[in-house]
Amino acid sequence: MNRKRDLNADLIRCVAVYSVLSVHFLLNSGFYSVPVEGAGMFVMCIYRSCFMMCVPLFLILTGYLMWQKKLSASYYRGLWKTVEIYLLASVACLLYKKFAQSQDVTIKSAILDILDFKAANYSWYIEMYIGLFLMIPFLNGAYHSLADKRQKQILILTMTALTMLPKLLNNFNFTVEGWWSSPVLSDKYNGLVPGFFTAMYPVTYYFIGAYLREYGCRISRLKNLLLFAAAVILFGAYNYYRSDGLSFQWESNSTWGGENQITAVLLFILLLNLYPDRWPKLIQEALIQISKVSLALYLLSWIFDQEIYSVLKSLVPSAEDRWIYIPLIVPSVFLCAFLGAFLLYRLRDLLHIPFRLIHSKAE
């Protein structure tokens, strides 16, 4: 086992990718078509708040790991590792669409879908990450140019105000009578803070990760856990209230919402302050193997979502009755996607063999 690995980073990556699949249960089980009312939906709103910090965890981890990267040719070559996994996963998804779903997939349409990040249906993250990757040396330059800890805190507060607060505060139309008792009547919102820069939320998370790498955050694990649990329950209850008997309202509880920044930071710090290097070797090895293939696991999970959720829907017609199967469905998708990702990485290694032979002969 490679003892130089950061097992806390592996743990965070594993929790993040499992959380993605947990959130996708809502997408694939019909949650968003069910009116938000009753005890069951209250619990599911809390469930959603618990796992919606999935993508923010990945982005904070990116800042945590890459905060010292500088502008160089070798840095940009590092992007290829992500691109090649995306390409292989895209081919797998396209083959599934053609032969399992009988879609009209041609060479031309396949190329266009790959270039447009549509070939693998969950590849919006890749499109976003490529842009973030290209900016990282410049983000690091800006971050390290600040004189001290206080200035870096002001940077994070500024980015939070620009990217997170709008989704948290710009959710009501105060000119509508009864806006507080029937919040869904507020379909035209009064802006309390500027909302132009919300799409820059990955940069906010990146700077948070860089800050935590440089300064850390020591808090007792019990207090941290209690704060995380309280935030999840509070935000779940708020979103239940916000939806008020209609379908789930996304405004504040989106990836770039202030709610998920709070829960993601709390969970990231909690996981960062654990000691997985003291855990049994078998668990450590499992964390490493899942972490290594987490990107492909995420991209390929769409294929297994199609198969497993179609069975669930056929056996359990009611969306509300499907929720009790979360402990069965999410781990099943996770395991299948992990096995698929493991095979995809082995395929990648096989494709690398000819290039290694050519390189060795050239030497």
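Okay, let's start with a contact: on the helix 11 side we have Arg221, Asn224, Leu225, Leu227, Phe228, Ala231, Val232, Phe235, Tyr238 and Asn239, and they meet Glu259, Ile262, Thr263, Leu266, Leu267, Ile269 and Leu270 of helix 12. Sorted by class, that contact holds 12 nonpolar, 3 polar and 2 charged residues. Keep in mind that this is a predicted model.

Now the geometry. Helix 11 covers residues 221-243 and helix 12 covers residues 258-272; their axes come within 9 Å and cross at roughly 160 degrees. Angles over 145 count as roughly antiparallel, so that's what we call helix 11 and helix 12. The crossing of these two helices is left-handed.

Next pair: helix 5 and helix 14. Here the axes sit 9 Å apart, at an angle of about 10 degrees, so helix 5 runs roughly parallel to helix 14. Helix 5 brings residues including Ile85, Tyr86, Ala89 and Cys93 to the contact, and helix 14 brings, among them, Leu299, Leu300, Trp302 and Ile303. That contact divides into 12 nonpolar, 2 polar and 2 charged residues.

Which helix gives the largest share of the lining? That's helix 3, with 6 residues.

Methods:
Residues numbered from 1 in each chain as written. Predicted model: local features only at pLDDT ≥ 70, side-chain atom pairs only at ≥ 80, totals over all residues. Heavy atoms only, no water. Helix = DSSP H or I, 4+ residues; strand = E, 2+ residues; numbered from the N terminus. Axes fitted to C-alpha atoms, helices over the stretch in contact; angles between N-to-C directions. Parallel < 35°, antiparallel > 145°, perpendicular 65-115°, else oblique. Contact = heavy atoms within 4.5 Å. Nonpolar A, V, L, I, M, F, W, Y, C, P; charged D, E, K, R; others polar. Left-handed = near helix turned anticlockwise from the far one by under 90°.
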